[in-house]
Amino acid sequence: MSAAIPGFVQVDVDGLWAVRECYGRAENGTFTNDPCWTEGVARLDDVFQRTGTEAAFFIVGRDMELDAKRRATRKLLHRGYELGNHGYTHRLGLTLETTGGILREITQGHRALAQLGAKPSGFRAPGYDVDSRVLKTLVRCGYDYDASLLPTYAGPLLRATQALLAGKWIGRRRQYGRISFGRAPRRPYIPRLYKVRKPRFEKEEKRIVEIPVGVTPVLKLPLTASALFPMSRDRVRDLFRKMSEQRRPVLLLLHAIDGTDCSRPIVFDSKRPRVAGFRMSGDAKEKQLRMIVEEFAGGFAVTRADEFARQMLAHEH
Ligand SMILES: [Zn+2]
């Protein structure tokens, strides 16, 4: 096992309203009454504090319209976490937007965090939906890295699974990226600005680091709690050992709902799926989260992605 390979622990703070939207459910007051924030963020923070884990929270700008969520975010900032930009409205299908629409999502999301004193330098598109216009916009906004790309061919399968869970097909979205992203590198790289999945080969002047989201070996499913929650400690340890032997830095992606009690139905109002933690209690999730971050820190040297990206850009010269 090599502790020298960097690993990144990042949380997308999707409010319950945003999670429900992913599955085609109405907000129903979950923007203001949002357990993903009151419970999920607090539990993840607690797990990171207890395990001494360097983590980043990616914040949706719209949530900063609420006092309580602003206070919670300020607390994360004061605790020393990296804060990243997850767009302003959590627009699923960001690349379906006009270039102006993409710019708005990114700059308004940025401003919401800057007003709290944060200096986000990393971005993740909702639903892993990134293209060259997103990258160019991030460069224009002075960002050091993007962490939206899911290097997998499994996109269509993941979309189908989501539709199955949602019980309906939700069109006009581009979640889980393009099939061609399966050919993208699985380590941080500096992409061509006009072809996201390809590493840059000539010295372009404007640059940004792409930190792809971690994927499991073989099936290349996203390295998220949905994949890891059902596993035993031994299996998780084995998985991280295999991944660290490939000597590629890995991004472990968590979500606020991974710290949120789902023993009552909150995403689906009835007929909850048995998979992906949709029926797990807060206590059960806390136990698994702790195990997952402990094992991740055993396989990788957990590092801040903003510092990693800055160093990578500096060494390129
Ligand atoms: Zn999200």
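Biologist: In which loop is the place of Asn-28?

Modeller: This is a predicted model. Asn-28 sits in the loop between H1 and H2.

Biologist: What is the value of phi for Asn-28?

Modeller: Most residues other than glycine have a negative phi. Asn-28 has a phi near 45°, a positive value in a residue other than glycine. Lys-220 also has a positive phi, of about 55°, although it is not a glycine. Lys-220 belongs to the loop between S8 and H7.

Biologist: Is Asn-28 buried or exposed?

Modeller: Exposed counts as over 50% relative accessible area. Asn-28 has 59%, and is therefore exposed. Leu-219, in the loop between strand S8 (209-210) and helix H7 (225-228), is exposed because its relative accessible area is 60%.

Biologist: Which residues is Leu-219 in contact with, leaving aside its neighbours within four places in sequence?

Modeller: Leu-219 is in contact with Thr-152 and Ala-154, once neighbours within four places in sequence are left aside. Sequence separation and spatial separation should be read side by side here. Leu-219 and Thr-152 are 67 residues apart in sequence, yet their C-alpha atoms are 8.4 Å apart in space.

Biologist: How should I read a helix, and which residues of H2 are buried?

Modeller: An α-helix has 3.6 residues a turn, so residues three or four places apart point the same way. Helix H2, residues 35-51, has 17 residues and spans 23 Å from its first C-alpha to its last, close to the 24 Å expected. Its buried residues are Pro-35, Cys-36, Trp-37, Gly-40, Val-41, Arg-43, Leu-44, Asp-45, Val-47 and Phe-48. They pack against several elements, including S1, H1, strand S2 (55-59) and helix H3 (67-78).

Biologist: What is found at the start of H2, and what follows the helix?

Modeller: At the start of H2, a side-chain oxygen of Asp-34 comes to within 3.1 Å of the backbone nitrogen of Cys-36. After H2 comes Gly-52, with a positive phi near 60°. At its start, a side-chain oxygen of Asp-131 comes to within 3.0 Å of the backbone nitrogen of Arg-133, and Gly-142, with a positive phi near 80°, follows the helix. The buried residues of H5 (residues 132-140) are Ser-132, Val-134, Leu-135, Thr-137, Leu-138 and Val-139. Among the elements covering them are H4, strand S4 (122-123) and strand S5 (145-146).

Biologist: How many residues are in the largest nonpolar core?

Modeller: A nonpolar core is read as a set of buried residues of nonpolar type joined through their side chains. The largest nonpolar core here has 54 residues, and those with the most contacts inside it are Phe-48, Phe-57, Phe-240, Leu-254 and Val-267. H2 gives the most to this core, with 6 residues. Apart from it lies another core, of 21 residues, among them Phe-8, Ala-56, Ile-190 and Ala-309. Returning to Phe-57, its contacts beyond four places in sequence include Val-11, Val-41, Leu-44 and Phe-48.

Biologist: With which side chain does the side chain of Gln-10 make a polar contact?

Modeller: Gln-10 is in strand S1, and it is buried because its relative accessible area is 1%, whereas the limit for buried is under 20%. Its side chain makes a polar contact of 3.1 Å with the side chain of Tyr-145.

Notes: Residues are numbered from 1 along each chain as its sequence is written. This is a predicted model: local features need pLDDT of at least 70, side-chain atom pairs count only at pLDDT 80 or more; totals for chains, interfaces and linings use all residues. Side-chain values use heavy atoms; hydrogens and water are left out. Helices (H or I, at least four residues) and strands (E, at least two) are DSSP runs, numbered from the N terminus. The expected span of a helix is 1.5 Å times one less than its number of residues. Buried means under 20% relative accessible area, exposed over 50%, partly exposed in between (1.4 Å probe, protein chains only). Contact means heavy atoms within 4.5 Å. A polar contact is a pair of N or O atoms within 3.5 Å; within protein, one must be able to donate a hydrogen and the other to accept it, and residues adjacent in sequence count only if both atoms are side-chain atoms. A nonpolar core is a set of buried Ala, Val, Leu, Ile, Met, Phe, Trp, Tyr and Cys residues joined through side-chain atoms within 4.5 Å.
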